[in-house]
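Subject: Structure for you to look over

Hello,

Here is the structure I promised to pass on. Please open it first, then read my notes below.

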Number of protein chains: 2
Amino acid sequence: MIILDGNKVSNEIKDEIAEHVKVMISKGEKVPHLAAILVGSDGASMTYVNAKVKACQRIGFNSTLIELPEYISEKELLDKINDLNTNQDIDGFIVQLPLPKQIDEQKVLMSINPDKDVDGFHPSNVGKMTLDLPTFLPATPYGIMELLERYQVETSGKNVVVLGRSHIVGRPISILMSQKRKAGDATVTVVHSRSKNLSEITKKADIIVAAIGISEFLTGDMVKDDVVIVDVGITRVPDATKSNGYRLAGDVEFESVSKKASYITPVPGGVGPMTIAMLLKNTLLARERQRVF
Amino acid sequence: MIILDGNKVSNEIKDEIAEHVKVMISKGEKVPHLAAILVGSDGASMTYVNAKVKACQRIGFNSTLIELPEYISEKELLDKINDLNTNQDIDGFIVQLPLPKQIDEQKVLMSINPDKDVDGFHPSNVGKMTLDLPTFLPATPYGIMELLERYQVETSGKNVVVLGRSHIVGRPISILMSQKRKAGDATVTVVHSRSKNLSEITKKADIIVAAIGISEFLTGDMVKDDVVIVDVGITRVPDATKSNGYRLAGDVEFESVSKKASYITPVPGGVGPMTIAMLLKNTLLARERQRVF
C-alpha cells in the first residue's frame with residue numbers, strides 16, 4: 001500500500017513554482033499577486049485563508065488578505081470585488097466560502113472577473129472545464145488529478161466511482177476524469193444520496209474519490225482489493241484520547257480501507273495541501289495570461 | 001414494450017407553445033423570434049434548419065433564416081453574429097453546425113450573446129447547467145429529459161449508462177440526469193471509446209442513453225430485461241431494398257434491443273423531434289426573459 005502523499009507532492013509543486021518566480025524576478029517581470037477576501041471570523045475559514053497567504057509568501061508571490069466584517073452588506077462586498085476585478089496589480093483572487101447569510105454566494109461568485117477567478121467557480125470557467133477548453137480548474141479536483149498523475153496511477157479505462165455530486169468537488173472531478181486528458185479517460189460513475197446498492201457499485205471501482213462529507217463513510221467491506229482511494233473529506237470527530245478533544249477524519253475509514261488499497265490519500269496530508277498548491281498554480285497561470293494578452 | 005414517441009410528445013409541446021403564443025398575441029405582446037444562420041449548403045444541415053424554421057411558423061413564432069456562402073470568412077460570420085447579438089427584434093438564434101474548415105467553431109459559439117444562445121452551447125450557459133443554475137439547456141439532452149418525464153419513466157436512484165461523452169449530448173445528459181431534478185437523481189456512468197468491459201456495464205443499466213455515433217452499436221445481448229432505451233444516434237445505412245438506397249439507423253439495434261426493453265425511442269421519430277421542440281421552448285424562454293429584465 002502506497003500513501004498518496006499530498007504534503008510531499010504539494011511541496012514539490014510549490015518548489016517548482018518558486019523556481020519559476022525566481023526566473024520572473026531575474027527577468028524583471030512582475031510576480032504573481034493573489035488576493036483573498038475573508039468575511040467574518042469563522043475559525044476554519046481563517047485557517048484556510050492564512051494557509052493560502054503563507055503559501056504565497058513561501059514561494060515568492062505577492063499576497064493581500066482583505067478581512068471584512070461579518071455584518072458587511074452584499075453591496076459592499078460586491079464593490080470590493082469590483083475593485084479587485086479592475087486592479088491591475090492583482091492577478092487573481094478568491095472569496096473564502098462560506099459567506100454570511102445576508103450575502104448571495106452565487107451572486108458573489110458570478111461577480112468575479114473570470115480572468116481572475118483562480119478558484120475556477122465562475123460559470124464561464126466551469127463551462128470551459130465541462131467543454132474541455134483551457135481555463136482555471138477548480139483547485140481541489142485539479143489537485144486530485146495532479147496527485148494521481150505524479151504517482152503515475154493508471155486511470156485510462158479504469159472504473160472510477162465518485163461519491164458525492166457537489167459543485168466544487170464531486171461534479172468537476174467526475175467530468176475531468178472522464179475527459180481525454182492525463183489522469184482522465186476513465187469510466188466514471190457518480191453516486192449520491194439517492195443512489196441504491198452503493199456497496200455493489202463501490203466494490204467494482206478501481207478508483208474511488210470520496211467527497212460525500214460523511215466521516216468514515218466508506219469502509220473496508222465496501223471496496224475491492226488494490227483499489228485506489230482519494231479521500232476529500234475532512235471533519236472533526238470527537239476523540240477523548242486527544243488533548244484538544246477531537247481528531248480529523250476523512251470520508252474513508254482509513255484503518256479498514258487502507259488494508260485493501262494499493263494507493264490511498266491520508267487525512268490530513270492528502271488532498272488538502274494539493275488544493276492550496278493548485279490555487280497557486282492557477283494564480284501563476286493568471287499572471288502568465290495577463291502577460292500574454 | 002412502450003415506444004417513447006418523440007413525434008407525439010414534441011407535437012404536444014409545440015401545441016402548448018402555440019397556445020402560449022396566442023395568449024401573447026391577444027395581449028398585444030411581441031411574439032418570440034428565432035433566427036438561424038446556415039453557412040454553405042450541406043444537405044443534412046439544410047434539412048435540420050428548414051425543419052426548425054417550419055416549426056417556428058407552425059407555432060406562430062417569427063423566424064429568420066440567414067443563408068451565408070460556404071466560403072465566408074470567419075470575420076464576416078462574427079460580424080453577422082454581432083448584428084444578431086444586438087438586434088432587439090431577435091430573441092434567440094442558432095448557428096447550424098458543422099461550419100466550414102476556415103472557421104473556428106468554438107470561437108463562433110463563444111461570440112454568441114449568452115442571453116440569446118438558445119442552443120445552450122456557450123461556456124457560460126454550459127457552466128450554469130453544470131452548476132444547476134437556470135439557463136438554456138442544450139436542446140437534445142433537454143429533449144431527452146422531457147421525453148422521460150412525460151412518459152413518467154422513474155429515474156431517481158436508477159443506474160443510467162450514457163454511451164458517449166460528446167459536448168452536445170453525452171456530457172450534458174450525464175450531468176443533468178445526475179442532478180436533483182425531474183428525470184434526474186440517477187446514478188450515472190459515462191462510457192466511451194476507452195471504457196473496458198462495456199457489456200458488463202450496459203447489462204447493469206436500468207436506462208441507457210446511446211449517443212456514440214456508431215450505427216446499431218448496442219445489441220440485445222448487451223442489455224438486461226426491462227431496460228429503458230434512449231437512442232440519440234441517426235446515421236444512413238446502405239439498404240438495397242429502399243428506393244433511395246439507404247435507411248436511417250440509430251446507435252441501437254432496434255430489433256434485438258426492443259424485444260427486451262420496457263421503453264424505447266424509435267429512430268427516426270424519437271429524440272430528433274424532441275430536439276426541435278426544446279429549441280422552441282428555449283426561444284420562448286429567451287423572449288420571456290427579455291420581457292422580465
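Predicted model: local features only at pLDDT ≥ 70, side-chain atom pairs only at ≥ 80, totals over all residues.

A:D226 sits in the loop that links β7 and β8 of chain A. Its phi is positive, about 70°, although A:D226 is not a glycine. A:D226 has 11 C-beta neighbours inside 10 Å, so it counts as exposed.

A:E216 is found in the loop between β7 (207-210) and β8 (228-231) of chain A. A:E216 is not a glycine either, yet its phi is positive at about 55°. Is A:E216 buried or exposed? It counts as buried, because it has 20 C-beta neighbours inside 10 Å and the cut-off for buried is 20 or more.

Next, the cis peptide bonds. One runs from A:L97 to A:P98, with omega near 0°. A:P98 lies in the loop between β4 and α4 (105-111) of chain A. Another joins A:V267 and A:P268, with omega about 0°. That proline, A:P268, is in the loop between β11 (263-264) and α10 (271-292) of chain A.

Now a sheet in chain A. It is open, has 3 strands in the order β3-β2-β4, and its pairing is parallel. β3 (62-68) and β4 (92-95) of chain A are at the edges; each has a single partner strand, so one side of each lacks a neighbour in the sheet. From one strand to the next, the twist averages 15°. Strand β2 (residues 33-39) of chain A is joined to β4(A) by 4 bridges. In one of them, A:A36 partners A:I94 of β4(A). Helix α2 (residues 43-59) of chain A packs on this sheet and touches β2 and β3 of chain A. The direction of α2 makes about 165° with that of β2(A).

Last, strand β6 (residues 187-191) of chain B. 5 of its 5 residues are buried, so the strand is largely enclosed by the rest of the structure. In a regular strand, side chains alternate between the two faces of the sheet. Here B:T187, B:T189 and B:V191 point one way, and B:V188 and B:V190 the other.

What pairs with β6(B) in the antiparallel sense? Strand β6 (residues 187-191) of chain A does, over 3 bridges. A:V190 has B:V188 as its bridge partner. Strand β5 (residues 159-163) of chain B pairs with β6(B) too, in the parallel sense and over 5 bridges.

Best wishes

Methods. Residues numbered from 1 in each chain as written. Chains lettered and ligands numbered in written order. Pairing = 2+ DSSP bridges. Helix = DSSP H or I, 4+ residues; strand = E, 2+ residues; numbered from the N terminus. Axes fitted to C-alpha atoms, helices over the stretch in contact; angles between N-to-C directions. Contact = placed C-beta atoms within 7 Å. Buried ≥ 20, exposed ≤ 12 C-beta atoms within 10 Å, placed from the backbone.
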